[in-house]
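The following note is intended for a colleague who is meeting this structure for the first time.

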Amino acid sequence: HDVDGQPSFPALQASVGFALLAFVGVVWLVPKVSEAFIQKGLKGRDLLKRGGRISGPWIPESLGLPCASWYLALMMLFIPFPFSHLFKSQSPSGPESFPQRELTLYLSSLLSLLTATLLGFIDDLFDIRWRHKLPIPIVAAVPTLLVYYSVGGVTSVVLPKGFSGWLDTLSLARWLDGNVVDLGPIYYLYLILLPTFTTNSINILAGINGVEVLQALIIALSVLINDLLFLPIWSPALLDLLGFENPQNGRVLDWAIGEVVDRHLMSCYFMLPLVGVCTGFLWHNWYPAKAFPGDTFCYFTGMAFSAVAIQGHFSKTLILFFLPQIFNFILSCPQLFGLVECPRHRLPSYDEKTNLLNPSLVVFESPPPLKTTIVLEILSFLRLVKLEYHQSPNPKSSTDKKYIKSSTNLTIINFLLVHFGPMREDRLCMLVGFVQVIGSCIAFTIRYKVGSWFYGG
Ligand code: UD1
Ligand code: MG
C-alpha cells in the first residue's frame, strides 16, 4: 500500500516496462538473426505467394527461438521485482519470512517454459511425427503440476445449482461437500492434458501469415484482462457499469482475498511481456511475412498459457479463451486420427490469377470407405465442409455409383473460406483474429454472467 492507503503494485509497473522491453527487443532481434537461421537451414517457402512454392524467397523459420530466449531472459531478470519490498523493509526478513511458495511457483513456470521451448525447437529441427509429439508437453508440464500439488492445489469443481440435488437422489452425495465435488485424480488428468492441448491447438491453427502469433496475442490479452479484473484497482462505478457488482450477491469476483490477488498478479507478470513479444513478432510475421514462428513459438506460448492458468487456478477460464482452437481441433479430428487422409500441409490453396485464397481440398482417387463417407456427410450436413461428388458417366450402371470425389480440408481456416468466399491472406488472418476476439467475448460472458447464474447464491 502507498501513502494514501491505496493499493499499489510497483512490480506490476515494472512488468509494464519489461513488456515494452520485450516488444522493442523482438522487433530489433528478429531481423538481426534471420540470415543466420537461413544459413543453418531453418527456412521455409511462403507457400501462399506468387511462385512461392518453387521460386519464392526463403523465409527464416523457427524465429520463435529468439522470441522465447529473449522472453525467458527478461523473466529471469524480473525475478527480484515481486520480492523487492522485502529488500527495503526495515523488519528483519530472515529466510523464514521469505515467500518461498511464490518463488517456487515462479521458478517452476520458468522451467516448464524452458522445456517447452527446447522441445518445440527439437520439433522444428527434426520434424517429429505429430503422433509422437502429442505427449511432449506432458513432460514439460510436470514441474508446474508438482508445484501445484505441493501448494495444496484444488481438485474440486463447483456444480451448477440443482445438479447437486440430482446427485443426491442418485445417492452419490458422499462425493459432495455442499455443491462442490472433488474430482481428485481426474482433475489432475485434465491438468496434464491442458498443456498438450494449448500447445498443439495453436500449432494446428496455422498456415497463413500471422495467424499463430495473432491468436497467441489475443489469448494473452484475454488472460491479462481477466487477471486485471481480480486486482483491487477498479472504481465501484466502473464495476457496476460492467455488471460485476451484484446487489444481491455482493461482488461476483472474490477480490478481497490476498491470495487470489497474488495469483493473478503472478499471471500478469508472465502475460505482460508475452503480449510484448507477440506484438513485436507480429511486426515481422504479418503479411507478407519476413519470418515464420515455427513450432518453437507455438509450444512456448501454449505452455505459457497453461503454466499461468494452472498456477493461478483458472484453468477452466483459460480453456474458454480457446473456443476457436477447440472448434478447429474437433473439426480436425477425422484427419488427425486417420479417418480422412491428412496431407503435410492443410493451408488454403493460392490462386495466382486473383491473388486470393480458396479452400484447399483433399481428393479421393477411389471411393472412400463407408466410415469416411459417413463422417464427411455429417460434416457436410453441418455445413462445416464442402463436398464434391464423382458422377458416373453411366448412371444406370450399378457398379459405378456416385461417390465423394473431394472434400475441403478440415480446418477452421478452410471453413471460413467456404462460408465467406475467396479472400486475400491478410484479410483471412484478420477474420481469424476477429473470430478469436468474439470467442473471448463469449468466454467472458460465460465466465462472469452465465457462470454466476448457475453457480452463485
Ligand atoms: C501445421 C499444420 C499444417 C499447416 C502448417 C503450416 C496440421 C495437422 N498441421 O503443421 O496443416 O500447413 O502447420 O504452418 O494442421 N507456412 C507458410 N505460410 C505461413 C506459415 C507457414 O507457407 O504463414 C509454411 C512454410 O513453408 C513453413 C511451414 O509452413 O516453412 C511450417 O510448417 P510447420 O509449422 O512445420 O507445420 P506443422 O506445425 O507441422
Ligand atoms: Mg507449426
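In which loop is Ser62 found?

1. Ser62 is found in the loop between strand 2 (58-60) and helix 2 (64-78); helices (H or I, at least four residues) and strands (E, at least two) are DSSP runs, numbered from the N terminus. Its phi is positive, about 65°, although Ser62 is not a glycine. Most residues other than glycine have a negative phi. Ser62 is buried, with 24 other C-beta atoms within 10 Å (buried: 20 or more such atoms within 10 Å; exposed: 12 or fewer; partly exposed: in between; C-beta atoms are placed from the backbone).

2. This is a predicted model, in which local features need pLDDT of at least 70, side-chain atom pairs count only at pLDDT 80 or more, and totals for chains, interfaces and linings use all residues. Residues are numbered from 1 along each chain as its sequence is written, while chains are lettered from A and ligands numbered from 1 in the order in which they are written.

3. Asn355, in the loop between strand 8 (349-351) and strand 9 (356-358), also has a positive phi, near 65°, and is not a glycine. Asn355 is partly exposed, with 13 other C-beta atoms within 10 Å.

4. The peptide bond from Tyr287 to Pro288 is cis, with omega near -15°. Pro288 lies in the loop between helix 11 (258-285) and helix 12.

5. Around ligand 1 there are 19 residues, of which Gly44, Leu47, Ile204, His345 and Arg346 come nearest (a residue counts if its C-beta atom, placed from the backbone, lies within 6 Å of the ligand). Strand 1 (43-45) and helix 8 (185-204) are the elements that give two or more residues to this shell.
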